[in-house]
Amino acid sequence: MEVLHYITFSGLLFLLGIWGIFFNRKNIIIMLMSIELMLLSLNNNFLFFSVELDDIAGQVFSLFILTIAAAESSVGLALLVVYYRVRGSVAVEYINLLRG
């Protein structure tokens, strides 16, 4: 398969993540999943070009991005659970009320 197919696939994943963030600002879980999709598309680009150029640096960067994505999702979900316990809902528009 050509490199153009890989770039198109990653671009579509990235656009899907951007679409999820911009068009759904009510649900924070979907926003976190959209950020994960954007990071996944970046990982795919690193892996595709790493295989294409026969270089391991892309695979190492992909491993670091997966680590950062796991930390981001765990911290985001922990904040979401605390917010749900305090407010009783997960509405994004009221998150600014948590400022102390």
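Let us begin with residues 30–49, whose end C-alpha atoms lie 29 Å apart. This span is 100% helix and 0% strand. Please bear in mind throughout that what you see is a predicted model. Residues 61–84 are likewise 100% helix and 0% strand, and in their case the end C-alpha atoms are 34 Å apart.

UniProt, in an unreviewed entry, places the feature "transmembrane region" at residues 6–23, 30–49 and 61–84.

Turning to the fold as a whole, the protein contains three helices and zero strands. Read from the N terminus, the order of elements is α-α-α. How does the radius of gyration of the protein compare with the globule rule? The radius of gyration is 17 Å, whereas the rule gives 13 Å for 100 residues; the former is well over the latter, so the protein is more spread out than a compact globule. Along the principal axes, the C-alpha trace spans about 50 × 25 × 15 Å.

Next, the surface and the interior. Of the 100 residues, 21% count as buried. The protein exposes about 7300 Å², and carbon and sulfur atoms supply 73% of that area. As to charge, there are 5 positive and 7 negative side chains. The centres of these two sets lie 30 Å apart.

Ser-10 is located in helix H1, which covers residues 3–23. Ser-41 belongs to helix H2, covering residues 28–53. Are these serines buried or exposed? Ser-10 has a relative accessibility of 2% and therefore counts as buried, the cut-off being under 20%. Ser-41 is also buried, with a relative accessible area of 2%.

Which residues does Ser-10 contact, once its neighbours within four places in sequence are set aside? They are Ser-41, Asn-44, Asn-45 and Phe-48.

Thank you for your attention.

Terms used. Residues numbered from 1 in each chain as written. Predicted model: local features only at pLDDT ≥ 70, side-chain atom pairs only at ≥ 80, totals over all residues. Heavy atoms only, no water. UniProt positions renumbered as here; feature names shortened; annotations may be inferred. Helix = DSSP H or I, 4+ residues; strand = E, 2+ residues; numbered from the N terminus. Rg over C-alpha atoms; globule rule 2.2 N^0.38 Å. Buried < 20%, exposed > 50% of the residue type's maximum accessible area, 1.4 Å probe, protein only. Areas by Shrake-Rupley, 256 points an atom, 1.4 Å probe, with all protein chains shown as cover. Lys, Arg positive; Asp, Glu negative; His and termini not counted. Charge placed at Lys NZ, Arg CZ, Asp CG, Glu CD. Contact = heavy atoms within 4.5 Å.
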